[in-house]
Amino acid sequence: MHRRTFLARTGAALGAAALGPAAAGAGQGATSTSRTSRQWTARTSGRIIVIGAGAFGGWTALHLAESGMEVVLVDAYGAGSARATSGGDSRGLRFAYGDRRMYTEMAIQAKTRWEDRQTQWETGLMLTTGRISLYPESTPALETIQDVLVEAGAEFELLTPEEIQRRWPQMTVEGVEVGLFEPGATAIRANTACRLIARKVEEAGGTLKIGQVEPPRGEGILPGVQLREGGELHGDAFVFACGSWLPALFPELLGDRISVPRRDVFFFGPPAGDPRFSFPHLPNFSEGSQSVYGFPDLDGFGFKVAPFGGLDPFDPDRDERVPAAHWLQRARRYLALRFPGIMDQPLVHSRVCQLENTDDDHFIIDRHPAWENVWIAGGGSGHAFKHGPILGEIVATRVQGQDMVPEWSPHWAL
Ligand SMILES: Cc1cc2nc3c(=O)[nH]c(=O)nc-3n(C[C@H](O)[C@H](O)[C@H](O)COP(=O)(O)OP(=O)(O)OC[C@H]3O[C@@H](n4cnc5c(N)ncnc54)[C@H](O)[C@@H]3O)c2cc1C
């Protein structure tokens, strides 16, 4: 919705009194000192500043803009940048979530939302790759996963090693006893999606801005935030969806709650003339006992292998993104074990990324305890991207004073 339409709908006469400090507009007149009186009340009109254009912030801004609110989406580097966790080439959508049924249910709903947006925006954002999870033995935990998938209505198959070999002879099955195949799992073109969502925020009447927001100070009602480059952004409410930057922005609140380890991701070039390692000839794969997951070659980026488990802390602003030799070795060892047909192929592309992990892998979606009009949304813990369309709506409605999912919210509380 364009600003003109927004004003027409809400009534231009809302003016300064109704909009509070926001009425001064960006960078004009107001200061960033906070008031101490607690007087902010939820509303469905007004000016919301969303800081961070990743999975959390982009979708939140879109829902707010589409519901008629005036939105400024500000990001230090722009949507889907190489530094953002959401900025990778692809992210997976799966349904298996151990015993955490809430995330299985969310993923099912999220997939429908992604599909609807894909149709609405006439852009190919998803590739139905399927996903095979490999296990060295059948355990009670695997049975729990199946129970949850059945209860939630998510399709899956249990495959013997022989059946895995029959379907994907380019994969070896040494040490594998069972495979859980989710035919509906997909890969999402993450970077493309982030930039498109930001564009849709603008088309819905929102404003995009490049700028680095300084940590806010004070308590009570936050009238505005300072930009490092100079200037201020004033708003009625603020959503800090700053991914791995959250602990540095709010060290007292989140310094101990979110850790930021690095992740090295490798892309190997399939052999010339050989489609076996590219979509749609292989599904996404995951092998917890080897601490590795990956995707077939999508869009020519290469066959993706992501070893996981490292805890080395990472500075998302300053650290260089040069892949580490020992992680590359781990990736190659895995290829030798599971995909020998590609083990000697060259590395054609790599990414060094970071996670923003909470202790229990639950997200954080809550109001800041010191400010009535400030929300924190993040703590993606390596699995938030897929849920973006739902998370954005949940955060947006929280800002508007409603809780869409009261049964889930306690898991995400500060
Ligand atoms: C290697 C890897 C693989 C993953 N695989 C999957 C997967 O398969 N499926 C899945 O669902 N999830 C996956 N994830 C997790 C998922 O990508 C993240 O949970 C999600 O992208 C986090 O989004 P976010 O919006 O919290 O953070 P980000 O995407 O990092 O966005 C935060 C934004 O805030 C901006 N910002 C920060 N501070 C400021 C400031 N002060 N002022 C202005 N802007 C600021 C940044 O520039 C950035 O753009 C993976 C993550 C990694 C690293």
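This is a predicted model: local features need pLDDT of at least 70, side-chain atom pairs count only at pLDDT 80 or more; totals for chains, interfaces and linings use all residues.
The strands under discussion make up an open sheet of 3, ordered β3-β8-β4, with antiparallel pairing. β3 and β4 (126-127) sit at the edges with a single partner strand each, so one side of each is left without a neighbour in the sheet. Strands of a sheet pair through backbone hydrogen bonds, in either a parallel or an antiparallel way. Here, β4 and β8 (residues 186-189) run antiparallel and are joined by 2 bridges. Looking at individual residues, L127 stands opposite A187 in β8.

Now for the ligand. There are 39 residues around the ligand, and the ones that come nearest are G52, G54, S86, G243 and G380. Sorted by class, the shell holds 19 nonpolar residues, 15 polar ones and 5 charged ones.

As for secondary structure, α3 (55-66), β2 (70-75), β3 (90-93) and β14 (262-268) each put at least two residues into the shell around the ligand. Of the contributors, α3 gives the most, with 3 residues.

At the domain level, the ligand lies between domain 1 (3-84 + 191-258 + 360-412) and domain 2 (263-354), because both give residues to the shell around the ligand.

Key:
Residues are numbered from 1 along each chain as its sequence is written. A residue is near a molecule or strand if its C-beta atom, placed from the backbone, lies within 6 Å of it. Helices (H or I, at least four residues) and strands (E, at least two) are DSSP runs, numbered from the N terminus. Ala, Val, Leu, Ile, Met, Phe, Trp, Tyr, Cys and Pro count as nonpolar, Asp, Glu, Lys and Arg as charged, and the others, Gly among them, as polar. Domain bounds come from an automatic or database domain assignment. Two strands pair if DSSP finds at least two bridges between them.
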